[in-house]
Amino acid sequence: MMSGGYTSIDNQKVSGSVSAVSDPGHVAVKFTDSSLQTFPPSSAQGKISGGTQPPRDADDSFSRPAGGSDEPQSSGWFRTFTVAAYKPYFDVDTSDVLDRLKESLFPFRGTFTEKTSTNPDLYGPFWICTTLIFVAASIGTFVTYIAHKLKKKEWDYDINLVTWSAGVFYGYVTVVPLALYVILKYFSAPSGLVQLFCLYGYSLFVFVPALCLSVVPLEIFRWVIAGLAGFMSATFVALNLKAHIKSAGERWFLIVASIFLLQLALAVVLKLYLFTVTV
């Protein structure tokens with residue numbers, strides 16, 4: 001009775017209408033592919049999930065944004081004060097660190113900077129310096145304790161050994177590369193700052209076994225160990241920088257010689273203050 005009040009719209013073209021479904025009992029729903037639904041993202045490249053490969057070290061290492069990061073990017077020198085700026089330089093695994101430690105024990109190869117040019121790290125240098133502080137404090141305390149007991153003298157723990165070691169190792173591996181970075185830039189032979197931090201940090205590894213051998217109570221033996229460690233460390237740094245510094249012109253030899261002698265001076269300082277036992 002009421003059907004006459006409705007208008008048939010079967011054949012009308014009405015804007016916004018929905019086409020009929022042939023089979024109302026089966027509706028196929030298809031989702032479009034989205035990068036948000038893929039985990040982990042296909043763009044992840046680093047060894048740590050969500051990280052990126054360390055960028056090639058260059059003069060703008062600290063100001064260049066790391067690509068592929070989900071974290072908000074800061075511009076200019078403000079990135080220096082963010083954790084994201086340093087994450088790529090800690091993206092190394094155990095095999096990388098072990099290979100670089102072995103390389104530092106063969107100073108005459110001179111291939112360390114070439115192998116680490118694309119991914120210099122700060123992880124190794126940090127823990128090498130931290131290990132040296134611990135070893136220097138513990139070995140120095142043990143040796144002085146034994147020496148005092150053998151002579152039946154009273155022994156007191158010297159806390160200054162820890163603070164002095166921290167100042168020497170952390171200070172040396174920070175200040176010397178910074179100064180060398182400025183000098184090389186002045187002579188138009190700029191080198192990556194992080195690359196220098198990495199090189200100098202690994203150059204100190206040889207002093208870890210040297211400090212352990214200083215427990216031998218022979219002064220001449222301690223001098224030999226300190227001198228050998230200093231020579232290996234100095235040669236490692238000088239030969240790895242030699243090829244690059246040659247582009248500085250005629251003064252390249254003076255720069256390399258200064259680097260070598262400065263590393264030897266560090267060994268002498270360590271011998272006098274860490275390898276020497278006084279009762």
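## Position of S188

S188 is exposed, with a relative accessible area of 59%. The model is a predicted one. In it, S188 sits in the loop that runs between α4 (160-186) and α5 (193-203). S247 is 59 residues away from S188 in sequence, while the C-alpha atoms of the two are 7.9 Å apart in space.

## Aromatic pairs

The structure holds 10 aromatic pairs. In one of them, F112 and F236 have ring centres 5.2 Å apart and planes at 65°, so this pair is edge-to-face; the cut-off for that class is an angle over 60 degrees. The two residues come from distant parts of the chain: F112 belongs to helix α2 (residues 112-115) and F236 to helix α7 (residues 219-245), a separation of 124 residues.

F112 has a relative accessibility of 1% and counts as buried. F236 is likewise buried, at 1%. Elsewhere, ring pairs join F108, F231 and F260 into a cluster.

## Charges over rings

R109 is placed over the face of F106, 4.3 Å from the ring centre. K246 is placed over the face of W252, at 5.4 Å from the ring centre.

## Salt bridges

The whole structure contains 5 salt bridges. R109, which lies over the ring of F106, also forms a salt bridge with E103, with 3.5 Å between the closest N and O atoms. R109 is partly exposed at 49% relative accessibility, whereas E103 is buried at 6%.

E219 takes part in a salt bridge with R222, where the closest N and O atoms are 3.9 Å apart. Both residues lie in helix α7, 3 residues apart, or about one turn of the helix. R222 is buried, with a relative accessible area of 6%, and E219 is partly exposed at 36%. E219 also meets K271 in a salt bridge, at 2.7 Å from N to O. That pair links distant parts of the chain, since E219 is in helix α7 and K271 is in helix α8 (residues 252-273), 52 residues apart. K271 is buried, at 1% relative accessibility. Through shared partners, salt bridges also connect E103, R109 and K115 into one network.

## Cysteines

A search of the whole structure gives 0 disulfides. C198 is buried, with 0% relative accessibility. C212 is partly exposed, at 37%, because this value falls between the 20% limit for buried and the 50% limit for exposed.

Note on methods:
Residues are numbered from 1 along each chain as its sequence is written. This is a predicted model: local features need pLDDT of at least 70, side-chain atom pairs count only at pLDDT 80 or more; totals for chains, interfaces and linings use all residues. Side-chain values use heavy atoms; hydrogens and water are left out. Rings of Phe, Tyr and Trp (its six-membered ring) pair if their centres lie within 6.5 Å; planes under 30 degrees apart count as stacked, over 60 as edge-to-face and the rest as tilted. Helices (H or I, at least four residues) and strands (E, at least two) are DSSP runs, numbered from the N terminus. Buried means under 20% relative accessible area, exposed over 50%, partly exposed in between (1.4 Å probe, protein chains only). A charge sits over a ring if NZ of Lys or CZ of Arg is within 6 Å of the ring centre and within 35 degrees of the ring normal. A disulfide is a pair of cysteine sulfur atoms within 2.5 Å. A salt bridge is a side-chain nitrogen of Lys or Arg within 4 Å of a carboxyl oxygen of Asp or Glu.
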